[in-house]
Amino acid sequence: MWNTCLEEREVKLTSESERNALITFLGQQGLALDGDIEYSMVITDSGKIIATGSFAGRILKCIAVDGEYQGQGYSGKVVTHLTNELFRRGRTHLFVFTTPRNKQIFSDLGLSVVAEVPSRVVLMENRTDGIRNYLEELTAESGEIVPSASAVVNCNPFTLGHRYLLEYAAARCQKLHVFVVWEDKSSFPAEVRYRLVKEGTADLPNVIVHRGRDYIISNATFPTYFVKHYEDMVETHARLDVAVFLRHIAPRLDIRKRFVGEEPYCAVTSEYNRVMAEMLPAAGIELEIVPRKTFGGTAISASRVRELLRSGDLAAVRMLVPETTYRFLLSEDGGEIIRKLHCLPGRH
């Protein structure tokens, strides 16, 4: 029976005292509160937090139970509470990133392993057919399965630099599978980025453009609460994403080579390329790093395009993007994105 002193409740994240109490408890468990958390709950015993859990989007996060209370079913109670709240909000396909030592706990709660980086992280989901359904979608889009190559792009928005990479890769393989990162934290929404890539490569007959969905793990969705150091977080994220690719996607589509753009600016992408250079050849997949296309002596980048859009210099933008992207920017939907860009700081 549950002790009458136990209480299960939502945390008011706007309350400084409640938020600080949650942060303190997580810190005692060696965890941090991820910055994108939108909902948290706690179980308390006579006012003392003994268990907690949170979510952002469809990802369960920051789940912890006080050491004195472990093994008594509180993890299940936390996950049930979060799942019920997510279902109430219409989110039924759920994920959790956790450490390998907690894998069995979540397995016992009905979650299935998608991929794992030993001693670092496990990605799990609450549907046994989740990754299988995605692979079937990829197969249906691909047509005949032949020895192929792949590229993963964000394209926020699609530039002539992206076009150069994909045209270069397409000329060097029988079929090129292009995966568009599927997260909602870019200035250009996922469906728009997917559309721009499709339109911008429509003349390349051997290019198949796919939605990355939940299985091309973006830097924006990978959690950081259980990784101590930023450098470890970047490497762990990269290794997990490549693990999903190697375990599921590459075998299904017979992908034997991966093309990536050279990264002279972003340390995160540069580290990602380093991890791929280690993991892919070890699995029998060739990696080619393609030099970036330049304009005016500078590598073309989506961040530069967004900077020019914020400043209102559409003439300069036109020199850096395909005609299909430029036409979209002149549309009503494109104009709305440009207006929002004026309000956003940084590299969104």
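Helices (H or I, at least four residues) and strands (E, at least two) are taken as DSSP runs, numbered from the N terminus. The model is predicted, so local features need pLDDT of at least 70 and side-chain atom pairs count only at pLDDT 80 or more, while totals for chains, interfaces and linings use all residues. Residues are numbered from 1 along each chain as its sequence is written, and side-chain values use heavy atoms, with hydrogens and water left out.

Strand β12 covers residues 286-290 and contains E286. With a relative accessible area of 45%, E286 is partly exposed; buried means under 20%, exposed over 50%, and partly exposed in between (1.4 Å probe, protein chains only). Apart from neighbours within four places in sequence, E286 contacts R256, K257 and R258, where contact means heavy atoms within 4.5 Å. The C-alpha atoms of E286 and F25 are separated by 45 Å, and the two residues lie 261 apart along the chain.

The interior can be described through its nonpolar cores, each a set of buried Ala, Val, Leu, Ile, Met, Phe, Trp, Tyr and Cys residues joined through side-chain atoms within 4.5 Å. The largest has 39 residues, of which F97, L123, Y134, F179, L240 and I249 touch the most other members. Elements giving two or more residues to this core include β5 (95-98), α4 (130-142) and β11 (255-261). Helix α7 supplies the largest share, 11 residues. Among the contacts of Y134 beyond four places in sequence are F179, R211 and I249. A second, separate core of 37 residues includes L176, V178, L196 and V197.

As for cysteines, C62 is buried at 0% relative accessible area, whereas C5 is partly exposed at 38%.
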